[in-house]
Amino acid sequence: MSVPAIPVAATASRALGRWATKPVLTPAEVAARVPDQATVFVGGSGGGIQEPTALLAAIGERFGAEQAPSRLAIWHCSGVGDRVSTGINLLAHEGLVRRVVGGHWGMAPKMAALAQADLIEAYNLPQGVIAQLLRETGGRRPGLVTGVGLRTFVDPRVEGGKLNAVTTDDIVEVIALDGREQLFYRAPALDVALIRATSADELGNLSFHEEAAMLEAFSAAQAVKANGGTVHVQVKYLVEGYSLPPHAVKVPGALVDTVTIVADQPQTSLQAYQPGFTGASRVPTTSLPVLPRGPRRIVAERASEEIEPGSVVNLGVGMPDGIAQIASERGLLRTLAFAVEQGHFGGAPAGGVEFGAVYNAAASIDAPYQFDYFDGGGLDIAFLGMAEVDRHGNVNASRHRGTISGAGGFINISQGTHRVVFCGSLTAIGARFEVGGGRLRVLTEGQVHKFVPDVAQITFSADRARELGQEILYVTERAVFALVADGIQLIEIAPGIDLQADVLDQMSFTPLIGEISTMDVRFFS
């Protein structure tokens, strides 16, 4: 297989000036340097974490005034935005973008709307695959070979990660190595990187000391420079050359082309600066939010019972993030370590739009290495969300009711972890409950069944889980199910719940039923 790469001689001719004072540009000047049809990597994570907002806004503004740059191909690892208007949303203009390859789409509904309307080519690849693929690209290797994604919608025999009818190019293929199936993800040729740090010195050396995560900035810069491209960095502070401690520099200046100073850049979309996210100070756990009584708390409490002391635990976005609040309330944060996709170990993960930030983390590493840890079976247990579950045990967490949200780190985590607990409600839209006295009563039933004959998209493959010998549970506010050889089996129901009316009648298929236990009354008191 041929490897697209810049000739060594051409690369060497550009070596002069790499270690030199970097030009300081305005956001508009950076936007003017982005050419038509460029392939652009955008750094950052949801909730404004490490998001180069000013650079993205300037590109959008330039396109509005000049219709340039046009037909960009955008790559990003995590969701980038605030679920409303920032991040990738700022580039969501017809004609500005022709293709997006992203790990998660839910933070950028405006870009997702373009994909749903068939106005751009759109792909969803696992977040960890994109993070690791940047590292392969930076070493000029042809791509990433991994089992992550087999039997899911990313597998080219299923959907190939394609999100609409106008997306036709295959960027993933099935190969065999030593008699085992693997997926091969081709390395992209990246022309531009837009990333963010906290400080840059005059030579472009970058530190991230006020950022809420490390993410994949180094790998992204390396991938772009290996292709002869340009790396633009947004920072809060410009400091004297060589003044940053060398162990604090996470991206050396040799990988940086320009610097843009945005003195008021916030740490996240909700907070100007939270020192508990960086280790600059420790936030008392008593000050963290308390999860209110209701179905979300019931699921979090029941799921938390699966955690053993000393475990390394991953929490997905959505209902599972309530488990961090339960662990905090119970004083368990020192007896276990939460590990999140953005690179943190330990502490209490933030929820909501700031998912990916962590209060009081013990360690923060680059995201590609975090995914190596996940893929290598480092997690003891993972708690992930579920939009749909089907009779086979498959889970859809990436595309429900036509809305593109994306998989994020879900596929890496759900295929790399031996014990996985999916968390969610039994029905959706409008369900109301009365909780108290050790019982649960349904006041108003949800309008939508989430347990369906076949999921709309396979984010978690039950067949693959059986091949890997995984242990799988599905926890809802009123019932608990387990993955077995022939489907899913009902194993617990909540006290006060009628098996037929409140569980079986609210499912679009009949689960396997054996001995059924009652969920602990403490969760309903």
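Guide: In α8, the buried residues are Gly322, Ile323, Ala324, Gln325, Ile326, Ala327 and Ser328. This is a predicted model, where local features need pLDDT of at least 70 and side-chain atom pairs count only at pLDDT 80 or more, while totals for chains, interfaces and linings use all residues. Residues are numbered from 1 along each chain as its sequence is written, and side-chain values use heavy atoms, with hydrogens and water left out.

Visitor: What makes helix α8 mostly covered?
Guide: Seven of the eight residues in α8 (residues 322-329) are buried. Buried means under 20% relative accessible area, exposed means over 50%, and partly exposed lies in between, with a 1.4 Å probe and protein chains only. Helices are DSSP runs of H or I with at least four residues, strands are runs of E with at least two, and both are numbered from the N terminus.

Visitor: Which elements do the buried residues of α8 pack against?
Guide: They pack against α7 (295-304), β15 (312-315), β16 (337-338), β18 (348-349), β21 (381-385) and β26 (419-423). Just after α8, glycine 331 takes a positive phi of about 70 degrees.

Visitor: Why are α5 and α9 called oblique to each other?
Guide: Helix α5 (residues 127-138) and helix α9 (residues 367-375) pack at an angle of about 125 degrees, with their axes 9 Å apart. Angles under 35 degrees count as roughly parallel, over 145 as roughly antiparallel, 65 to 115 as roughly perpendicular and the rest as oblique. The pair α5 and α9 is therefore oblique. The axes are lines fitted to C-alpha atoms, for helices over the stretch in contact, and angles run from 0 to 180 degrees between N-to-C directions.

Visitor: Which residues meet where α5 packs on α9?
Guide: From α5 come Gln127, Gly128, Ala131, Gln132 and Arg135, and from α9 come Pro368, Tyr369, Phe371, Asp372 and Asp375. Contact means heavy atoms within 4.5 Å.

Visitor: How do you know that tyrosine 369 is partly exposed, while serine 219 is buried?
Guide: Tyrosine 369, in helix α9, has 46% relative accessibility and therefore counts as partly exposed. Serine 219 sits in helix α6 (residues 217-226), and its relative accessibility is 4%, so serine 219 counts as buried. Leaving aside neighbours within four places in sequence, serine 219 is in contact with Leu134, Arg135 and Pro368.

Visitor: What is the phi of leucine 215, and is the residue buried or exposed?
Guide: Phi of leucine 215 is near 55 degrees, a positive value in a residue other than glycine. Most residues other than glycine have a negative phi, and most peptide bonds are trans. Leucine 215 is found in the loop between β10 (206-207) and α6, and at 2% relative accessibility this leucine counts as buried. Tyrosine 369 and leucine 215 are 154 residues apart in sequence and 9.7 Å apart in space, C-alpha to C-alpha.

Visitor: Why does aspartate 118 count as partly exposed?
Guide: Its relative accessibility is 35%, so aspartate 118 falls into the partly exposed class. Aspartate 118 lies in the loop between α4 (109-116) and β4 (121-124), and has a positive phi of about 60 degrees although it is not a glycine.

Visitor: Where is the cis peptide bond, and what is its omega?
Guide: The cis bond joins alanine 68 and proline 69, with omega about -5 degrees. Proline 69 is in the loop between α3 (53-66) and β2 (72-76).
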